[in-house]
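Let's take a friendly walk through the covalent and charged links of this chain. Have the sequence and the 3D view ready as you read.

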Amino acid sequence: MTYLKIFIAVLLLTGCKGKNSEPMEHPYTNNLINESSPYLLQHAHNPVNWNPWNEKTLYQAKSEKKLILISVGYAACHWCHVMEHESFEDSLVAQVMNKNFINIKVDREERPDVDQVYMSAVQLMTGSGGWPMNVIALPDGRPVWGGTYFEKDQWLSALEQISKLYEEDPNKLLEYADKLEQGIKSLGVVALNNEAPKFEKTFIDKALENWTNQFDHELGGLSNVPKFMMPNNYHFLLRYAYQTDDKMLQDYVNLTLKKMAYGGIFDQIGGGFSRYSVDAKWHVPHFEKMLYDNGQLVSLYADAYLITKDELYKNIVTQTLEYVQNEMTTENGAFYSSLDADSTTHAGELEEGAFYIWTEDELKSLLKEDFDLFSDYYNVNNYGAWEYNNYVLIRKEDDASIIKKHQIDANTLSSKIENWKTVLLKERNKRAKPRLDDKTLTSWNALMLKGYVDAYRVFGNREYLDSAIKNATFIIENQLRADGGLNHTYKNGVSKINGYLEDYAATIDAFIALYENTLNEQWLNKAKELSDYSFNHYFDKSSSMFFFTSNEDESLVARSTEYRDNVIPASNSIMAKNLFKLSHFFDNTHYAQTAITMLNNVKPEMQEYPSGYSNWFDLMLNYTQPYYEVAIVGKEAKDKINDLNKTYIPNKLIVGSVSENNMPLLKNRYNPEKTLIYVCVNKACKLPVSDINKAIKLLKE
């Protein structure tokens, strides 16, 4: 059989479901035992001779001239656990892997740089990607084969065929590695756009025409499954719909937000969102709860409330932050990474969603005479049924409809809902909880920090601001190094792994927001310092974009530039927005020009696939319509900022001081007798006003 036929045959196996295999009978310990990542530690007793990704392991592969098997996943990943149980706990599979490969386990959250490179390879080879991701590479690290989930027999067959090919005709693998390497490098390249920057509303309008064809106007989200929440997409669409007074788009975004809030993807009893829904109605999630989703969704629902004053959105923010506080927050104010999809059943088996699901008999026993009302509210019926006579709670009707149907008043329903949650939470907490990934990631913490700041901005709850400041202080005290750089991970008092661009971009964004809501300049100054550090270590002068990894990091197959927005916006799009804002705060033309160039660089790709560039489109709105600098100076500056924040005005930044200040937008503007509000565009300011309503009127002219 030719190499090409082997290659295609093996690739066709990707994504198939497998049978259970017997667990190992004897304990083993491998080189992951000294790692701190919960995901790596989950594999520390596999019979596979797993190694962490490090220079020692890579050198071993080169010196022994052995193929490298790189398996990437994360602690909350359901199918990662399935493949571990079926293959990596099996002594026969381990024997094949140990004989022919240097085996490396990678936590994608801990090493997103490694994940990016090999995910690019898998996508080039198969047309799709996902986790677990399994790649075979030459001893020099260049990939030659890859896929995602494999059942045991298929996995063994693939390993044996590739091992045989490497032994008998290694040149074919070398030839393929050369071609694949070029493909990987080309994916991460952003060319400098030499055309003059031109950002217009019509450009965005045309992109939206392509995008709207994919909208699901009945159930929200896009017209395909699985459904990911993609908070940044809806944040942009929310802003665009509001600023352009597009009623149809507003209705679509609100439909999506309500359906997500009603769905099983939102934990109706304990709060917080799971990662995505496997069906069209947001009903059954893969039950893992990720910090990054919940941080961004808090920001999204807070802004949606500011526009609509819909109590549902406020409740979602409140319940999500209660969940984060109860389940994902450390004593020092840091945030854990995730909760697993799987938990242990009464029978002692790990099962997806076991912690969250209910049987009808359980609910009847717990809720007694309230069961009928509860079952109508949360659809303990065919609409809410899942599998094996279990139910995932999901709402279908709003409170007003339930009140009318059951002839009860709003206070009675509200009281009953609170009681139901109390009863069911008490019972649910008797179950084995999902496993916790207790490492702390700087970038994800910054997203949650921003969520807390946005919740404070909208709802004025001082506890939200206290949580934000505590987390920001944690980042400064534990993740910021003496050289001015950030580390990526923290666990058990140990901060490690040189930060990636995502850590800088997200932290700068959060610190800017913290400044705008507190006027404490340490956060703004720290944002500037981190930006300057990023220019020194991550900036690509040839393209005016930022690399994902530092110039001090070890070399991988390719040094990537992350610029396409995904579930989390691309680190480059966040950085471009940061530089746009910082250019106004510090009157810095280099920041301003870099932001413009970055946006212009990605513009040629934006219309074809707009959902992959939503954060870039959000930045483009800052250029297509007036962007306001609001300078508030005087003893009552903080109170007036709080009043201003009660109105949704996305095209502004806030700078302020309660005393004399030499920042460019504040210099010579302090008046001890009164607090003045200056509304400016590109440093040109209208006459100052002291009344917040007059200022808002100026912002809406």
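A residue counts as buried when its relative accessible area is under 20%, as exposed when that area is over 50%, and as partly exposed in between. With that in hand, please keep in mind that the model is a predicted one.

**Disulfides**

Searching the whole structure turns up two disulfides. One joins Cys77 to Cys80, with 2.3 Å between the sulfur atoms. Both of these cysteines, Cys77 and Cys80, are buried. The S-S torsion of Cys77 and Cys80 is about 85°, so this disulfide is right-handed.

Cys680 and Cys685 are also joined by a disulfide, and here the sulfur atoms lie 2.0 Å apart. The torsion about the S-S bond of Cys680 and Cys685 is about 95°, so this disulfide is right-handed. With the bonded cysteines of the chain numbered in sequence order, the pairing reads 1-2, 3-4.

**Salt bridges**

How many salt bridges does a search of the whole structure find? The search finds 42. Here are three of them to look up in your viewer.

| Salt bridge | Closest N and O atoms |
|---|---|
| Lys289 with Asp267 | 2.8 Å |
| Asp340 with Arg435 | 3.2 Å |
| Lys581 with Glu516 | 2.8 Å |

Start with the salt bridge of Lys289 and Asp267. This pair links distant parts of the chain, 22 residues apart: Lys289 sits in strand β9 (residues 289-290), and Asp267 in the loop between α11 (247-262) and β7 (276-277). Both Lys289 and Asp267 are buried.

Next comes the salt bridge of Asp340 and Arg435. Asp340 belongs to the loop between β10 (338-339) and β11 (342-344), and Arg435 to the loop between α17 (410-428) and β15 (436-437), so the pair ties together parts that are 95 residues apart in sequence. Asp340 counts as buried, at 1% relative accessibility, while Arg435 counts as partly exposed, at 31%.

The salt bridge of Lys581 and Glu516 runs between helices. Lys581 lies in helix α22 (residues 571-586) and Glu516 in helix α20 (residues 501-518), so parts 65 residues apart in sequence are tied together. Lys581 is partly exposed, with a relative accessible area of 21%, and Glu516 is buried, with 9%.

Finally, which residues are linked in a network of salt bridges? Asp140, Arg142, Asp178, Glu181 and Lys185 form such a network.

Conventions:
Residues are numbered from 1 along each chain as its sequence is written. This is a predicted model: local features need pLDDT of at least 70, side-chain atom pairs count only at pLDDT 80 or more; totals for chains, interfaces and linings use all residues. Side-chain values use heavy atoms; hydrogens and water are left out. A disulfide is a pair of cysteine sulfur atoms within 2.5 Å. Buried means under 20% relative accessible area, exposed over 50%, partly exposed in between (1.4 Å probe, protein chains only). A salt bridge is a side-chain nitrogen of Lys or Arg within 4 Å of a carboxyl oxygen of Asp or Glu. Helices (H or I, at least four residues) and strands (E, at least two) are DSSP runs, numbered from the N terminus.
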